[in-house]
Structure formats: C-alpha cells, structure tokens
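Please read these notes with the model open beside you. Each point takes up one topic.

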Amino acid sequence: MEIRHATNPTDVKHYDTERIRKEFLVENLFNIGELNLVYSHYDRLITGGAVPVKEALKLEAGDLLKTEYFLERREVGIINIADGAGIVTVDGEKYELNKRDCVYVGLGHENVTFASQDSSSPARFYIVSATAHKQYPTKKIAIEEATPNHLGSDSQSNKRTIYQYIHAGGIQSCQLMMGMTLLAPNNMWNTMPPHLHDRRMEAYLYFDMEEDSRVIHFMGRPDETRHIVMKNEQVVFSPPWSIHSGVGTNNYTFIWAMAGENYTFTDMDGVSMDELK
C-alpha cells in the first residue's frame, strides 16, 4: 500500500509538473494478477485496483492500517470497469459484477476476495474505501438500477449522465459516496463550470479511453489552477480546496468518489468562469 500525504494549497502553487504528478496522480493501479492500493491522508481515502486472473485476490489490511483485517474500521465501494465479468465474495457470499456494476461492503466483514469469471477476459475492479463508524448492509447495484442525473448540453460540449451508486438516495454508507459519469458522444468536458466542496475530498478514475487518448485534468484553487495530463485507468486525488474538471482528446468515462465531513451530494460551492485563472 502506497501512502500519499496531504498538501497545503499555498505550497502547491510552487510545485513543478513532476511534483504535482507525484502528489496527486496514481498511474499504475491495474496490473494483471495484482491488487494495488494507495492510501491518501485526505480524509483517509484508499483507492485500489484488482485484476484477478487464475487465482482470487484478497483485500487485506497489511501492516499500514494497524488493524486485524481491512474492513475492521472501514467500508468499501467496488466497481468492475472491464468487459469481463467478475465475482466479489464477501464472507462466503458471492456478488457477480458485469461492467459498470457496483457493490458496497460495509464495516466488519473479514474476508473479501476478487475473482474473474473468465481468466482470458479478466475483470478489473476499482476499489474505494473510507473510514466507517457503523455497519451498513452489503449491497450490489447494476448500472441500470443506479440513479441517473442528466446534465450539460451539446452546445457546451459537456452533455453527460451521472449515475449515483453509493449516496443518501441509493446504497447507504457512513461517509463514502461513489458514482460514475458517462459523457455523451462528441462531448469532452466534465464539471465545467467547476465547483468546490471544502467539507470533503474527491478522487477521479478516468477510463474507457483509447491508448493514445488523454484527459487534461484541471485542479488547484480557482485563481491558481494547474493541470495533469492523464492516461486511461489513472486516478487523481482532488483536495477539498481544489477544483476538479477535465477535458479529453476523445470520449471517456470517469468514476467519482468522495469522503469527508458531510453526506450531502449537492454540497457544492460553484465557481464562476470569471474566477478561473
């Protein structure tokens, strides 16, 4: 498990490109036959990627969490981003996830494993975990069952559908919120105009991109913006003081996940275009 420490926005404005990427970008989560995790000190969020092939992969605490098992004091959301179907087993109970399906696993479950139905077409599980104070039921939701929210327009190149999985009106959790945004064909912008939510951080996973496609992810304070050039299946951490918006060279999908002080999806402080610099 890799550790990422929190940063001060006053310091970040002096970072060069290499330092910005080192602090906020996660490049290699999804490796064949591996489960990789990155721990962020922003609201103690953990992101991870599991690509099981012949053998199942187990979600373990390791030495860094200082707990007996991973979900002793945590909850986790899991989404399969691959065409190949996968199976998440929670204390002996199996949940089959097709592409873009999600399962939430609450506090207190000791044994969570990841497997692919077909090793020639392995699942690719995206994992996001936050700290938890009580147990909520484990529950699966397919993308067809998720709450859709249609935003944007073709004229602004940001027509998109937000699917809410783990939130107050869907799967219940302690503090983790998680969903997916699909851009309509020929639309490239997400979350523009941008916003802030100083009460919680956010992580973005960009995927469904061609090998030579890129997303330019914008971050930083509204009047001190920076950018990160991102490839397929890479994650960016967005601090509470930072905007989070992106534009792609081609169409893409992204998964957003949030954790922090409150549990209100609409807690957003809008940023006008005049404020951006």
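1. Start with a loop. Glu233 sits in the loop between strand E20 (224-230) and strand E21 (234-238). Strands (E, at least two residues) and helices (H or I, at least four) are DSSP runs, numbered from the N terminus. The phi angle of Glu233 is near 60°, a positive value in a residue other than glycine. Is Glu233 buried or exposed? Glu233 counts as buried, because its relative accessibility is 15%. The cut-offs are these: buried means under 20% relative accessible area, exposed means over 50%, and partly exposed is in between (1.4 Å probe, protein chains only).

2. A word on the model. The model is predicted: local features need pLDDT of at least 70, side-chain atom pairs count only at pLDDT 80 or more, and totals for chains, interfaces and linings use all residues. Residues are numbered from 1 along each chain as its sequence is written, and side-chain values use heavy atoms, with hydrogens and water left out.

3. Now Asp91. Its place is in the loop between strand E7 (86-90) and strand E8 (93-97). Asp91 is not a glycine, yet its phi is positive, near 45°. Asp91 counts as partly exposed because its relative accessibility is 38%.

4. Pro193 is placed in the loop between strand E16 (189-190) and strand E17 (195-196).

5. Arg200 deserves a look. This residue is found in strand E18 (residues 200-207). Arg200 is buried, with a relative accessible area of 0%. Which residues does Arg200 touch, leaving aside its neighbours within four places in sequence? Its contacts include Asp43, Met177, Pro240, Glu261, Phe265 and Asp267. Contact here means heavy atoms within 4.5 Å. Arg200 and Ser238 are 38 residues apart in sequence, but their C-alpha atoms are 9.4 Å apart in space.

6. Check the cysteines. A disulfide is a covalent bond between the sulfur atoms of two cysteines. The rule used here asks for a pair of cysteine sulfur atoms within 2.5 Å. By this rule the count comes to zero disulfides. Cys102 is in no disulfide, and the nearest cysteine sulfur, that of Cys174, is 15 Å away. Cys102 is buried, at 0% relative accessible area. Cys174 is buried too, at 13%.

7. Step back to the whole protein. It has two helices and 24 strands. Its C-alpha trace spans about 55 × 40 × 35 Å along the principal axes. Of the 277 residues, 56% count as buried. Among contacts between residues at least 6 apart in sequence, 72% join residues at least 24 apart.

8. Last, the charges. The protein has 27 positive and 38 negative side chains. Lys and Arg count as positive, Asp and Glu as negative; His and the chain ends are not counted. The centres of the two sets lie 2 Å apart. Each charge is placed at NZ of Lys, CZ of Arg, CG of Asp or CD of Glu.
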